[in-house]
Each structure stands twice: as structure tokens, then as C-alpha cells.
Amino acid sequence: MIRIDRITQPITEWALDYGIPVALIRSRLKRGWSEERAVTEPMVVWRGEKLPADAMLDEEPEAPTVRKPAPRPAPAAAPIVITPAHRALARRTAQRHRYSPKLITFGGVSLSCAQWAAALGISPQAMHRRLKTKPLAEALTPPPPWRTGGSTH
């Protein structure tokens, strides 16, 4: 029972009168606040914060029961129908985008970049780098033997 201004009431009643949770009033009293200050001082509430429904009651709140939601069935996949028009479009697209390597002709020999690299004993990446940075005749010359691991005699 708390007495303020000649009125004596239980903490639950003061909590309802001032809109402060019972637990807050009790914790204030335990920290040494006067009865009047513990009841009448407004509590700090952040924007959007709401009190639980049982905050003003004197008893311990019940733990909420949590129920897992039922698993949702997976949506049925729509069947894929491939028509002759789809097949024709796929054929035209494949013909249009078919990869044909660019041939490099030097000394009467036409080879792709990868084929020139294999003939010279270097990697295709090195061949691409040579073609970008050197004149064609210099790019298509074999590297010195010490670069490829060959012997000098």
C-alpha cells in the first residue's frame, strides 16, 4: 500500500491511475525513490513504443504461446510446352550466334589465335597479349628458347 496526499491505495491502483506499469513502480521503489516520486513521475517512452496489455497488472504476465505457421504447399510448376515455332527460333538463333574464330593470316598460313599459340608453344592468353601489343610479324615469331624451357644448343 502506498500513501500519497492522504490517499492510500495498492500499487496496482496507482499504476492504473497514472498509467505506469506496476513493475516500474516496484523497481523505482527498490532503487530508493520516494513513494510519491515513484508513482507520479512520468515514464520515458520512445516514439512508437507500446506497453504490453498486462503492464498495469500486479501479477506476472503469462508467456505468450507461439504457434508455428503451417507450411505452405509449393506452387505447382507450369508445364513447359515446346512448340515447333520455339524449335525454329532456337535453330535460327543458334545459326546466327554460332562462334567462328577470327583467322589470322601470316606468311600464307591462316590459323586462329589459339592455333597460332599452340604452333608457337605459348598460351592463348599470351598470344592475345602479343597481338594487342606488338606488330603482327613480331607477335607471330616464336619466343626465345630460354622462355619456353628449350635448350640453346
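Mentor: The mean pLDDT of the protein chain is 75, and 66% of its residues reach 70 or more, where pLDDT is the predictor's confidence in each residue, from 0 to 100. This is a predicted model, in which local features need pLDDT of at least 70 and side-chain atom pairs count only at 80 or more, while totals for chains, interfaces and linings use all residues. Residues are numbered from 1 along each chain as its sequence is written, and side-chain values use heavy atoms, with hydrogens and water left out.

Trainee: Where in the protein chain is confidence lowest, and where is it highest?

Mentor: Confidence is lowest in helix α8 (residues 145-148), at a mean of 67, and highest in helix α6 (residues 124-133), at 90. Helices (H or I, at least four residues) and strands (E, at least two) are DSSP runs, numbered from the N terminus.

Trainee: Why is Trp 14 called buried?

Mentor: Its relative accessible area is 4%, and buried means under 20%, exposed over 50% and partly exposed in between (1.4 Å probe, protein chains only), so Trp 14 counts as buried. Tyr 18, at 40%, is therefore partly exposed.

Trainee: What makes the pair of Trp 14 and Tyr 18 tilted?

Mentor: Rings of Phe, Tyr and Trp (its six-membered ring) pair if their centres lie within 6.5 Å, and planes under 30 degrees apart count as stacked, over 60 as edge-to-face and the rest as tilted. By this rule the count comes to one aromatic pair. The ring centres of Trp 14 and Tyr 18 are 6.1 Å apart and their planes are at 35°, so the pair is tilted. Both residues lie in helix α1 (residues 11-18), four residues apart, which is about one turn of the helix.

Trainee: How do you know that the buried residues of α1 line one face of the helix?

Mentor: In α1, Ile 11, Thr 12, Trp 14 and Ala 15 are buried. Seen down the axis, the buried residues fall within an arc of 165°, taken from the directions from the helix axis to the C-beta atoms, so they line one face.

Trainee: Which elements do the buried residues of α1 pack against?

Mentor: They pack against β1 (2-4), β2 (7-9), α2 (22-30) and α3 (35-40), where contact means heavy atoms within 4.5 Å.

Trainee: What makes the charged end of Arg 37 sit over the ring of Trp 33?

Mentor: A charge sits over a ring if NZ of Lys or CZ of Arg is within 6 Å of the ring centre and within 35 degrees of the ring normal. The charged end of Arg 37 sits over the ring of Trp 33, 3.9 Å from its centre.
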